[in-house]
Amino acid sequence: MTQERPSSLHTMGQQHGRRSWAEPWKIKMVEPLKVTTREQRVTALEEAGYNTFLLRSDDVYIDLLTDSGTSAMSDRQWAGMMLGDEAYAGSRNFYHLDAAIKRFYGYAYMVPTHQGRGAEHLISQTLIKAGDHIGGNMYFTTTRLHQELAGATFHDVILDVAHDPQDLHPFKGNVDLAKVEALIERYGAAQIPYISLAATVNMAGGQPVSMANARELKALLDRHGIRLMLDATRLVENALFIQEREEGYADKSIAEICLEFCSLTDGAWMSAKKDNLVNIGGWLAVNDYSVFEELRNLVVVYEGLHTYGGLAGRDMEALAIGIEESMQDEHIRSRVGQVRYLGELLTEWDIPIVQPIGGHAIFLDARRFYPQLAQDLFPAQTLAAELYLDSGIRSMERGIASAGRNAETGDHNRPKLELTRLTIPRRVYTQAHMDVVAESVKACFDARDAARGLDMAYEPKYLRFFQARFTPR
Ligand SMILES: Cc1ncc(COP(=O)(O)O)c(C=O)c1O
């Protein structure tokens, strides 16, 4: 008599009623992973003050702290590293990078920077004056800080639904145009140098912005003579969502969609450590020559000469190649597909995550995970600690610790979203790693009633989440 096999022995594709897919690359070089015991992890976490940023990576098994600078470069990129022209001025790799940015993002002028925040610093110092106001589709930590250090006040102009982890709006990163109009009405266009548009929105859970929204926003801002500046860090992921969800884009390539999106903006800053598949690097690009002139002046002061901006020639070559690879449809489908695979497993087990599943990470909803914990007990930080203790998987807090303090009152900012981020590096882990991660999250979920929360024992002045220390209750 033949026995029915349990469904777990079916391939993942069969379980989902489709043909299986696999990562569109094969592995040429491996980096061994270290498995630790629970006792070792307890010691490591105590030493790290219960902050996953302070763990040594040697003590981590699967590292989902960030997708920033953690990508695996391709053989073509590594070959490009050997073609580094390390001239102080006019390196040929700079011209390759310049050409790649023009071709795929379409901006007229660019300066390289050491990473995204270098570009944020330059654009903030160039366009913002004290007393200005900046609207943005949700804050990002370093972006907002540079805007504030330049003298601006930040205003969140994202759709309200972006703050609701269960709302299924397909473009939760969209700007609420009424909020922008109210901002202009209140402060006047002269006090608003630009609107800051991130695509996708990291802090909202990797949620995309639609092309229609960007187009309407641009038209509104044009009427008031206000610039639209893009945080292009994860634009390629955003383009996939547009291709999948927005009418009229199903037959357009990712590269075409990115170019069209950028054409609606006046410039962009980039953390190339994400979409662009390099371990270090950034750039800042604009269409207005007079703005570029100022950027080219400032980059020399803070980053390096305008033809290297803090990067080695070899880094610029790897970046130029990475830009081209990042725009390939099959790459981005697999990258976002892997995130979605993990998210679907967790959803099937009723584990609370931000929906719809975003582009670069799964965001666990710590409020619903630990309903017994008040926000001041750092539920998302607690969950990151518990996950590490369970399996050595490293995640990151995106909640009250990341949100910092109100500059005027000194009280905690208390964001609606209290999230623990499982960020998937690009081209690094396989589907089997995602299975291991899912099972560890499930183990923490099953043990959720035992969580007691954390107190903050040390708080740095700036971007406190990076270096803060906690003690368990
Ligand atoms: C949306 C967004 N903008 C800007 C940055 C800053 O870039 P970097 O870390 O390269 O300084 C990041 C990095 O995490 C980001 O996610």
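Let's start with helix α5, residues 116-127, which gives the most to the shell around the ligand, with 3 residues. Please keep in mind that this is a predicted model.

How many residues surround the ligand in total? There are 13, and the closest are Gly116, Arg117, Asp231, Ser271 and Lys274. If you sort the shell by residue class, you get 1 nonpolar residue, 6 polar ones and 6 charged ones.

Now to the individual contacts. Which ligand atom is 2.7 Å from an N or O atom in the side chain of Arg117? That one is an oxygen. An oxygen atom of the ligand also lies 2.6 Å from an N or O atom in the side chain of Ser271. With Asp231, the ligand brings a nitrogen atom, and the distance to an N or O atom of that side chain is 2.6 Å. As for cover, the ligand on its own has 390 Å² of accessible area, and the protein covers 94% of that.

Let's move on to another part of the fold, the strands β2 and β3. Strand β2 takes in residues 133-136, and strand β3 residues 153-156. Do they pair in the parallel or the antiparallel sense? The answer is parallel, over 4 bridges.

Definitions and conventions
Residues are numbered from 1 along each chain as its sequence is written. This is a predicted model: local features need pLDDT of at least 70, side-chain atom pairs count only at pLDDT 80 or more; totals for chains, interfaces and linings use all residues. Side-chain values use heavy atoms; hydrogens and water are left out. A residue is near a molecule or strand if one of its heavy atoms lies within 4 Å of it. A polar contact is a pair of N or O atoms within 3.5 Å; within protein, one must be able to donate a hydrogen and the other to accept it, and residues adjacent in sequence count only if both atoms are side-chain atoms. Accessible areas come from the Shrake-Rupley method with a 1.4 Å probe; for residues, only the protein chains shown count as cover. Helices (H or I, at least four residues) and strands (E, at least two) are DSSP runs, numbered from the N terminus. Ala, Val, Leu, Ile, Met, Phe, Trp, Tyr, Cys and Pro count as nonpolar, Asp, Glu, Lys and Arg as charged, and the others, Gly among them, as polar. Two strands pair if DSSP finds at least two bridges between them.
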